[in-house]
Amino acid sequence: MPAAKKPERSATTPGKANTINDIARLAGVSKKTVSRVINQSPLVRQDTREKVEALMRDVGYTPDPIARGLAFRRSFLIGMVYDNPTAQFIVNMQYGALDTLRGSGFELVVHPCDSRSPGYIDGVRRFVQQQKLHGVMLVPRVSEDQALADMLEEIGVRYVRIAAVALDAPERMVVTHDHDGAAEVADYLLSLGHKDIALVTGPASYRSAIERTGGFLGALQRRGIELPAARIVEAGYTFESGVAAAEKLLAGPQRPTAIFCENDEMAAGVYRVALRTGIQIPQQLSVVGYDDSPLASRLWPPLTSVRRDTRDTGRVAAAMLLQPDDAPRSMASVRPHLVIRDSCQPPA
């Protein structure tokens with residue numbers, strides 16, 4: 001019986017040099033993937049890399065040095081774009097991204113911006129194109145801006161949005177479920193017996209504030225508690241705005257027995273006013289924050305706060321940007337949970 005004929009690995013014209021397009025066609029992958037294999041990019045799965053490299057050896061393909069330099073147009077840089085008033089949040093997000101990038105060959109570059117400025121999207125575009133970024137992490141609040149995401153889609157740059165709810169295709173989202181974290185605060189305060197509760201919200205235009213407010217008020221309503229308008233104060237996610245909100249809520253004899261602040265910075269502002277006016281925490285006032293930043297455990301008494309692991313969120317977002325093009329991708333979630341410390345007790 002005659003031996004089976006070995007299938008041909010190449011269907012190229014004899015005497016004609018193979019091109020990167022030939023290699024891509026024969027390997028059944030994109031030209032971009034072959035380019036990444038040639039340039040030793042970490043963004044290719046090992047089995048795909050081995051298949052392409054074996055095929056290049058079999059057909060005797062040698063990349064043209066000039067073409068090789070032109071083919072890989074992206075740098076080994078991941079960008080982080082943010083407009084956030086809380087410095088510790090940004091620092092923790094950077095630490096998380098750096099945890100993922102360490103040893104990958106990629107580096108992190110950051111771009112602070114003012115999303116209220118009319119030209120900020122053009123500024124982000126220049127940053128991305130000048131740095132030739134491989135991908136971009138969009139941190140709240142800029143992650144909530146659809147026009148910014150549309151611009152990155154238009155110029156063909158991979159991005160991941162970190163937000164309280166899903167705002168984009170699943171493979172582009174890290175969802176932090178702020179609604180659920182705030183609902184847990186409401187359930188906890190009610191379990192302690194609090195009924196006269198106040199809320200210090202973040203800016204009404206921020207999706208995180210919308211979700212935290214909705215989660216908190218919804219959980220109270222399910223238990224028959226409606227907060228009057230006088231017990232809800234909008235603030236700005238800053239210490240100073242927390243001070244101003246507390247001055248409104250704690251003035252006069254009819255004070256709430258508990259205050260939920262939608263971040264720890266504002267809760268620290270409440271602490272400041274309580275100390276100045278002689279109100280004891282938690283004996284006369286229970287306080288809860290959100291983020292569980294390092295500040296929460298440094299306040300006295302230590303602050304009960306919702307932990308959304310910001311560092312882990314940064315790790316997850318960066319890892320999504322490093323996934324190979326042909327890898328299956330899905331939405332990522334980082335779930336919040338309440339960390340109970342000493343800033344709350346049943347009302348007197």
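**Helix crossing, cavities and a pocket**

Mentor: This is a predicted model. Let's begin with H8 and H9, whose crossing is right-handed.

Trainee: Which residues of H8 and H9 make the contact?

Mentor: On the H8 side they include Ala182, Ala186 and Leu189, and on the H9 side Gly215, Phe216 and Ala219 are among them. Sorted by class, the contact has nine nonpolar, four polar and five charged residues. As for geometry, the axes of H8 (178-191) and H9 (207-222) come within 7 Å, crossing at roughly 35 degrees.

Trainee: On to the cavities. How many of 30 Å³ or more does the structure hold?

Mentor: A cavity is a space where the probe fits but cannot get out. There are two of 30 Å³ or more here. The largest has about 110 Å³ of space, and its lining includes Ser208 and Arg212, both of which also belong to the H9 side of the helix contact.

Trainee: What lines the second largest cavity?

Mentor: Thr33, Arg36, Leu43, Val44, Arg45, Thr48, Asp325 and Asp326. Its volume is about 30 Å³.

Trainee: And which residues lie nearest the centre of the second largest pocket?

Mentor: A pocket, by contrast, is an open set of points. Nearest the centre of this one are Asn92, Asp291, Asp292, Ser293 and Thr310; Asp291 also lines the largest cavity. H5 gives the most to the pocket lining, with three residues. By class, the lining has three nonpolar, five polar and eight charged residues.

Methods. Residues are numbered from 1 along each chain as its sequence is written. This is a predicted model: local features need pLDDT of at least 70, side-chain atom pairs count only at pLDDT 80 or more; totals for chains, interfaces and linings use all residues. Side-chain values use heavy atoms; hydrogens and water are left out. On a 1 Å grid over the protein atoms alone, a cavity is a set of points where a 1.4 Å probe fits but cannot get out, and a pocket is an open set with protein on both sides within 12 Å along at least five of seven lines; lining residues have an atom within 4 Å of a point. Helices (H or I, at least four residues) and strands (E, at least two) are DSSP runs, numbered from the N terminus. Ala, Val, Leu, Ile, Met, Phe, Trp, Tyr, Cys and Pro count as nonpolar, Asp, Glu, Lys and Arg as charged, and the others, Gly among them, as polar. Axes are lines fitted to C-alpha atoms, for helices over the stretch in contact, and angles run from 0 to 180 degrees between N-to-C directions. A crossing is left-handed if the near helix is turned anticlockwise from the far one by less than a right angle, and right-handed if clockwise. Contact means heavy atoms within 4.5 Å. Grid points are joined across faces, edges and corners, and a volume is the space filled by probe spheres set on the points.
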